[in-house]
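Q: Could you take me through this structure? I have not seen it before.
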Amino acid sequence: MAVVFQKTKGLTDKQFHYCPGCTHGIIHRLVAEVLEELGLLDDAIGVAPVGCAVFCYDYFSCDMQEAAHGRAPAVATGIKRVNPKSAVFTYQGDGDLASIGAAEIVHASMRGEKFTTIFVNNAIYGMTGGQMAPTTLVGQKATTAPYGRNEDLAGMPLRVSEMLATIPKAVFVERVSVHDIPNINKAKKAIKKAFEIQMKGLGFTFVEILSTCPTNWGKTPLESLKWLQENMIPYFPLGNFRNVEEVK
Amino acid sequence: MTHEIVMAGFGGQGVMAIGKIIAEAGLKEGKNVSWLPSYGPEMRGGTASCNVIVSADPVGSPIVTGATEAIVLNRPSLDKFEKDVVPGGMLFINSSLIDKKSTRDDIKVYYVPANDIANELGNGKIANMVMLGAYIAATNAVSEDTIMEIVTEMFQGKKASVIPLNKEALAKGAECVK
Amino acid sequence: MAKELWKGNEAIAEAAIKAGCKFFFGYPITPQNEIPEYMAMRMPQIEGAAFVQAESEVAAINMVYGGAGSGARVMTSSSSPGISLKQEGITYIAGAELPCVIVNIVRGGPGLGGIQPAQSDYFQATKGGGHGDYRLLVLAPSSVQEAVDLTQEAFDMADQYRNPVMIMGDGMIGQMMEPVEFTDVPKRNLPEKTWATTGTKGKREHNVINSLFIDPAACEKHNIHLFEKYAEMEKNEVRVEEYNMDGAEIVFVAYGTTARIVKNAIATLGKEGIKAGLIRPITLWPYPSKTVEAAAAKANVKAFLTVEMSMGQMVEDVRLAVNGAKPVHFYGRTGGMVPTPAAIVAEAKKVLGGAK
């Protein structure tokens, strides 16, 4: 019988623990496919965050390290310095990267550490049960923002891609989304580009991926995709913010 | 004989350096030595000091609480360390910069116009070596020859031209205690 | 090789390099700055090595985690407030069973404290420091030479047990210069690091460096495994120096810089006809409890006097070991103040019931 579809070798057979409709699964697959397609799987070393993706060390078939909350870019720095030829990546959520790990991501970018960060932004703390994230939209409800995010008290959501794009050694910065097929395809291209630039040793590479959290948003999977499109994209515009290859 | 030496002065007067030279020379002569600097904000321009121990026996505490000798290059150092010299000990005062006399009558005090001598030699920076020359001549804690070996090792290549000047400074210092 | 004068901090750094440490991650803090400075100078001279000045101590220890997880010999250093910041990473490293060497050049605390020598991080180093049930191997050198020897061996110890090892010095050990001879310490027979993340090369299942055990039974099992390992360390790694113990009526217990000062006090007491001895723990964990216990059982020993640059931390381990057999007294200075031999002598006489 002809094989018409095959799961990427970049993922193990371990069943995902993600909630129904969560887009982490799609993003995992995109990263894994890119690693396989670029022939990087055998040398790749990933770093898992603390957050919903904490168990991704069981899902990616390459070598993995589990980092403390927010510290994945520091851990990846250590890994890449020891294994300069390996494809090294961090996979981090918005609480992990934009809140507790803000210093680590900024300074890894500043040093131009030659790894790739996959930043999954779903505007909420998922694993801990729906608390406000640095990327929670103004007015969006969270368990620690029961009346909606109040910008006078909690400020405005952090646009991480725009911020990192100001850093000279952050040579590739792009924001993508996975709310529909065309955007999923674009997301994969961006991830691929980021790894290609990493392997050329040009500097720090970063892909922000807008993602859904039906459980904590209190929406169905389909409503969530629509909500992402209508609410997140206007504040977090998609597009490339930096590409060293185009700059040249 | 155990020499427990305190040396102190303004940051930049080279007290740390002469302390290291004594320690290096002691080591070269097969003695037990330690060198302990004061550290922290005071080393950035304020009074710097170091403790050096040169002994035939293993060095216990590297901290000098009762100094067999003290070398002071500025007035605050005299005020701070004069009392720490043990009875029968020696105190070396840089009389170019310190107009005060020691109040101790139970120790031997040497007045060395180190900056004046250094200026006469054409390099004010070498006052510390004048003090060292006086110290070595008075104590024999280490020999002058060993000191010169260390100095020669320190200044190699282009810098070797300053070696005779250092030797002269040591000699001039030594004259002050004869 | 002839003896050379080395500053403690620089000697520790060079010893680490001689032990094969190729990666150093640090952040400036007094009084240990000569370690990162020396590493910044040396690492670029070594093929495949790296020095990274991290953005914080928190980041530095997590770089250590990543590097150690990839199988390299990795070190970080700091001083007390910085070591507090590193505690998160240290418990993760202990939990994930990664070998590394952490240097603490202790200064006065709590809080920002001061920058002068202290020993008030004893509890932090030996009783956990971070969260969870874990232990560090803690080595306390009392001379620059010993710091060099222990640092070299620390990397082997770390690799043997897959456990972080802490070199606990103090400002004095870090800042002073003493004669040092770099000798090759005996190399241990070490297992290959088959667990390291270096890429599967398509030849093995993926390696995972991790300290998360979401199933409580699995987490307990992991803890029990760790403690079996710690029991091995307690069996094999206790180091202690016994000094002048024959016929001692008073036994000092002191480590690091303080032990040196106590030796001066012992000499003075000896001249006055008082027999005093010293137990100097070289490993603070595992603690030389048996040595202390054995001394407590001797008829000639009337009392113990623990001397520390703290308000009294190690004294608790002395009391546990003595277990009521003899009185245990404490004398300490703290905040960066250093006890003088004269004060220690006076305290010993007080303990023995007045001058003889």
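Q: How many Å separate the centres of domain 1 and domain 2 of chain C?
A: In this predicted model, the centres of domain 1 of chain C and domain 2 of chain C are separated by 27 Å, taken over C-alpha atoms. Domain 1 covers 4–192 + 208–236 and domain 2 covers 241–351, with bounds from an automatic or database domain assignment.

Q: And how many residues does each domain bring to the contact?
A: Domain 1 of chain C brings 28 residues and domain 2 of chain C brings 22 residues; two residues are in contact if their C-beta atoms, placed from the backbone, lie within 7 Å.

Q: Which element gives the most on the domain 1 side?
A: That is α5(C), with 4 residues. Helices (H or I, at least four residues) and strands (E, at least two) are DSSP runs, numbered from the N terminus.

Q: What about chain B: how many residues of chain C are in contact with it?
A: 18 residues of chain C are in contact with 16 residues of chain B. On the chain C side, α7, β8 (177–180) and α9 (256–271) each supply at least two residues, and α9(C) gives the most, with 4 residues.

Q: How are the numbers and letters assigned, and what is counted?
A: Residues are numbered from 1 along each chain as its sequence is written, while chains are lettered from A and ligands numbered from 1 in the order in which they are written. As the model is predicted, local features need pLDDT of at least 70 and side-chain atom pairs count only at pLDDT 80 or more, whereas totals for chains, interfaces and linings use all residues.
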